[in-house]
Amino acid sequence: MIYYAHTGKRADKSDWQILRDHSLAVAELAAAMAARLGLANAARLAGLLHDLGKYTAAFQRRLDGAPEGVDHSTAGAQAVLSLTSGPDRSIAELIAYAIAGHHAGLPDRRGEVRGTLNDRLDKVTVPPDPAWETELLPNAEKLVPEFFSRIRNPHAAFQISVIGRMIFSCLVDADYRDTEAFYMALEGRQADREWCALQALLPGFHDAFGAYMDGKKSDTPLNRLRGDILAHVRARAVERPGLFTLTVPTGGGKTLASLAFALDHARAHGHARIIYAIPFTSIIDQTAAIFREILGREHVLEHHSAIDEEKHGREGPPQQRDKLKLAMEDWAAPVVVTTNVQLFESLFAARPSRARKLHNIANSIIILDEAQTIPRHLLRPCMRMLDELALNYGCTIVLCTATQPALDERDLAHGLPLAGRELAPDPKGLAEKLCRARIRHVGDMDNDALIRALRNAPQALVIVNSRRHAFELYKEAESAGIEGLVHLTTRQCAAHRRRILEDMRERLKRDRPVRVIATSLIEAGVDVDFPKVWRAEAGLDQIVQAAGRCNREGKRPVDDSIVSVFRAPDYSPPVEIAGLIGDMQRIMDDHPDLLSVNAMQAYFAEVYWRLGESRLDEKKICERFRIVRGGTDFAYRSAAADFRMIESGMEPVIVALDDAAREAVARLGVPDISSSTIARQLQSYVVQVPPKARALLIANKQAYFAHPELRGDQFAVLGNMKLYREDVGLIWEDADYLAIEDLVV
């Protein structure tokens, strides 16, 4: 009997994919992907057995159109354990997780929810036809990787769980690729997945970087210092791969220095790609634009989304997914600019569509910009993952920031081995040389006091802790007749904020009045330069980031460039920020210069002491991976569900602000265009709102779900543009009022 993996178009089945061919192809693809990880044998075995349940008459009837569902992955998970013994059995368990989850996602080993690995292993299934053994000839020996000897307590279970993730990544990527190639061939087409290898591109990248820097040369003290920093960082690129820090104050050129290091380090050590991770979508555009200008648009993948592309699964046949979409699936591009959310949630993902890129993260240079923004409630699992990628998967990781978050194992229990790995020359000296402002605590300032301050400062920036405070302060300042007011918060979509920032920079450049009232989104990496800054009380890291927007280019006397830290008596800070304010206050007496490296180290030590080790892993992610007497007890699925970098509880509303957005919304009605393609086009037009507010907008017909028959409830579009104002963005609080107003004739 001939067994098939996938159907074709012909009734005689002459164009159907034979199961043996698919299994062997997936096995070899997975092995090739895993070879550089030392896991080729394990990945090959996973590929051979992943569809073992298709060697049954029931599944073949299913391909012929029979209605009954057939579990085709359990058989392979059961078989791999029966084939192995001794040390190889521990890896066989990891293969079993991967096979069992290659469609539904990595399972938990045990638990109350149905579908655990134990449930699958105990399940009574129809045995596959014994023909599979002679067709596939599985080799279940030498599964243990050579680096297994480097696995040590207390993190052994977590390290072993990462091996399982990498096997899973190789398996699902190989399975997707072979299935995609089969269906593309049926259509007489070929998927455009080809990217030039980073190593082949490096000579041109180095020339392009040199030309870019030559174009920026000007003989000023600041540029000479930036040049010294760049030269020192590049000289360290020959050092052994692993973990590094790059501590450079705002204005010191750390973005370009980190890129230069990555290019030089990749040339010295053969890395496969550069991944640049940024904490906020509000600043990813400007970094990606710089990289595209230097390296070429065709070599840089920008991957982030404000809309959940995976909400409705992997929609559409393979031939409808364009090259950019394909690259987002596997990160095969030589340079990837992404967000911390995409990076870390992929590393802890159970879902095949997210986890398939993991094997391409291995052997990469990962630059974590603004490393201090790694959420503290997930700090321990993030550190464990970074350490493991550096130790066993060929990654070099650069923690890049002006406010280094004290993650060294000498300062933090179970921290990272960072001794001697600082790339910048003399961070303490740089903090003094690049000091551009002074921080002063000025006590209480209500909105009236802030408005008086703004009246006396033609160019000024006020940063507060909430959208409500920013909105109310803006409205009061507007009523007071303050000239040149600008409101900047996440009430505005990213496309709108970009226009606001361009106008803001132009006003600053022309010395025109510009008084900005913003939330913290302006702090991290946004390139603006104000003579005066007011900042509502927050943690020291945020205060220092705010100071980076004051006299950024050093054109004014330092003593005249003041960052005034104030208490807002009418607006209580969020609970987390309140704790950080206390941490800063406890170190202030010993560190009068709050912009110094010593002050920052003391501050983070205080933060971690207050939180305690348990609150650096609030969801107990690390504890979900245990070795017990019966083998592995890994909770992949529940850990992935609880690993959320941002737990905002907000929901997206699309604002069709211009013709491009309106055309993209119209394309939602075209069945042949995938949701993910349109989601990327609309991601710059999204405003995140509270769930109750979005429900009210929809209930009152101020917003609507676009083409729900095709897209479900994925795309909520603002219908009443009266609610989106040019000055402040989306005013969802007016949704109920306008619904009543619309009834009045």
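Trainee: Which residues does Met 600 touch, not counting residues up to four places away in sequence?

Mentor: Please bear in mind that this is a predicted model. Contacts of this kind are read by setting aside the sequence neighbours and listing what remains. Met 600 touches Thr 403, Gln 404, Leu 540, Asp 541 and Val 544. The place of Met 600 itself is in helix H24, residues 597-611.

Trainee: Does Met 600 count as buried or exposed?

Mentor: One compares the relative accessibility with a cut-off, and buried means under 20%. Met 600 has a relative accessibility of 5%, so it counts as buried.

Trainee: In which helix is Ala 547 found, and with which residues is it in contact, leaving aside its neighbours within four places in sequence?

Mentor: Ala 547 is found in helix H22, which covers residues 540-547. Its contacts, with those neighbours left aside, are Ala 437, Val 563 and Leu 595. Ala 547 counts as buried because its relative accessibility is 8%. The C-alpha atoms of Ala 547 and Val 533 are separated by 7.4 Å, and these residues are 14 apart along the chain.

Trainee: What should I look for in the backbone angles?

Mentor: Most residues other than glycine have a negative phi, and most peptide bonds are trans. Asp 426 is not a glycine, yet it has a positive phi of about 55°. Asp 426 is found in the loop between strand S8 (396-401) and helix H18 (427-433). Lys 701 likewise has a positive phi, near 60°.

Trainee: Where does Lys 701 lie, and does it count as buried or exposed?

Mentor: Lys 701 lies in the loop between helix H28 (691-699) and strand S19 (703-705). Its relative accessibility is 71%, so it counts as exposed.

Trainee: Which residues does a cis peptide bond join?

Mentor: Asn 153 and Pro 154 are joined by a cis peptide bond, with omega at about 10°. Pro 154 has its place in the loop between helix H7 (131-136) and helix H8 (156-186).

Trainee: How many residues line the second largest pocket, and which lie nearest its centre?

Mentor: Its lining has 45 residues, and those nearest the centre are Lys 216, Arg 226, Asp 527, Arg 552 and Glu 553. Helices H9 (198-216), H10 (221-235), H11 (254-269), H12 (281-295) and H21 (494-509) are the elements that give two or more residues to this lining. By class, the lining of the second largest pocket has 13 nonpolar, 13 polar and 19 charged residues. The space in this pocket comes to about 1,600 Å³.

Trainee: What can be said of the protein chain as a whole?

Mentor: One begins with the secondary structure, which comes to 30 helices and 22 strands. The radius of gyration is 27 Å, close to the 27 Å that the globule rule gives for 745 residues, so the chain is as compact as a globular protein of that length. Along its principal axes, the C-alpha trace spans about 85 × 75 × 50 Å. Of the 745 residues, 59% count as buried. The chain exposes about 30,400 Å², and carbon and sulfur atoms supply 51% of that area.

Technical notes
Residues numbered from 1 in each chain as written. Predicted model: local features only at pLDDT ≥ 70, side-chain atom pairs only at ≥ 80, totals over all residues. Heavy atoms only, no water. 1 Å grid on protein atoms, 1.4 Å probe; cavity = no way out; pocket = protein on both sides within 12 Å on 5 of 7 lines; lining within 4 Å. Points joined across faces, edges and corners; volume = space filled by probe spheres on them. Helix = DSSP H or I, 4+ residues; strand = E, 2+ residues; numbered from the N terminus. Nonpolar A, V, L, I, M, F, W, Y, C, P; charged D, E, K, R; others polar. Rg over C-alpha atoms; globule rule 2.2 N^0.38 Å. Buried < 20%, exposed > 50% of the residue type's maximum accessible area, 1.4 Å probe, protein only. Areas by Shrake-Rupley, 256 points an atom, 1.4 Å probe, with all protein chains shown as cover. Contact = heavy atoms within 4.5 Å.
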